[in-house]
Amino acid sequence: MTKRLRDWQSRLQACIAERWARPFAWGQQDCVLFPADCVSACTGNDPAKAMRGTYRDAAGAARLVRDLGGLAAIAAAHCGPEVLPGLAQPGDIGLVLNDGRECLAVCSGAMWLAPGFVGLCSLPMAQALRAWRLVKAEA
């Protein structure tokens, strides 16, 4: 399992700040690639390397997610152990409800962050259905 880099917190904050106002875009800033970019910022390893460039629209994304077993399977394959959503910490990945649809999001500490139409949207912690610990920090 990949560990968090020593400076993961500042790297995560920089990734979130860089993406804050970027609108949703399939295959660039969506609910699979934004969390993957945050994981990459925290660990130095890109869990979505094989997925990048393989879709550009909703149909392509749906096919990819289906072929990989669903959003929960994607998160479980690239994160640490599953934790109770209420115990999620900054950098952890969650399966959340956003306007009635499941999506992957990143825990900011007090909220879940997910791509929205005008930039990242903040979702209450209570909207998480499941959560996965990213990994522990390197010693």
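User: Which residues lie nearest the centre of the largest pocket, and how many line it?

Analyst: F24, W26, C31, R101 and C103 lie nearest the centre, out of 20 lining residues. Lining means having an atom within 4 Å of a point on a 1 Å grid over the protein atoms alone. Bear in mind that this is a predicted model, where local features need pLDDT of at least 70 and side-chain atom pairs 80 or more, while totals for chains, interfaces and linings use all residues. Numbering runs from 1 along each chain as its sequence is written, and side-chain values use heavy atoms, without hydrogens and water.

User: What makes α3 stand out in that lining?

Analyst: α3 gives the most, with 4 residues. Residues 58–67 form α3, and β3 (101–107) and β4 (111–116) also give two or more. Helices (H or I, at least four residues) and strands (E, at least two) are DSSP runs numbered from the N terminus.

User: Why is one space a pocket and another a cavity?

Analyst: A pocket is an open set with protein on both sides within 12 Å along at least five of seven lines, whereas a cavity is a set where a 1.4 Å probe fits but cannot get out. The largest pocket holds about 540 Å³, and the count of cavities of 30 Å³ or more is 1. The largest cavity holds about 100 Å³, volume being the space filled by probe spheres on the grid points, joined across faces, edges and corners.

User: What lines the largest cavity?

Analyst: 13 residues, with V32, A36, I74, H78 and L104 nearest the centre. By class, 12 are nonpolar, 1 is polar and none is charged. Nonpolar covers Ala, Val, Leu, Ile, Met, Phe, Trp, Tyr, Cys and Pro; charged covers Asp, Glu, Lys and Arg; the others, Gly among them, are polar.

User: Why are α1 and α2 called roughly antiparallel?

Analyst: α1 (residues 8–19) and α2 (residues 33–43) pack at about 150 degrees, axes 8 Å apart. Angles run from 0 to 180 degrees between N-to-C directions, with axes fitted to C-alpha atoms over the stretch in contact. Roughly antiparallel means over 145 degrees, so α1 qualifies against α2.

Key
Parallel < 35°, antiparallel > 145°, perpendicular 65-115°, else oblique.
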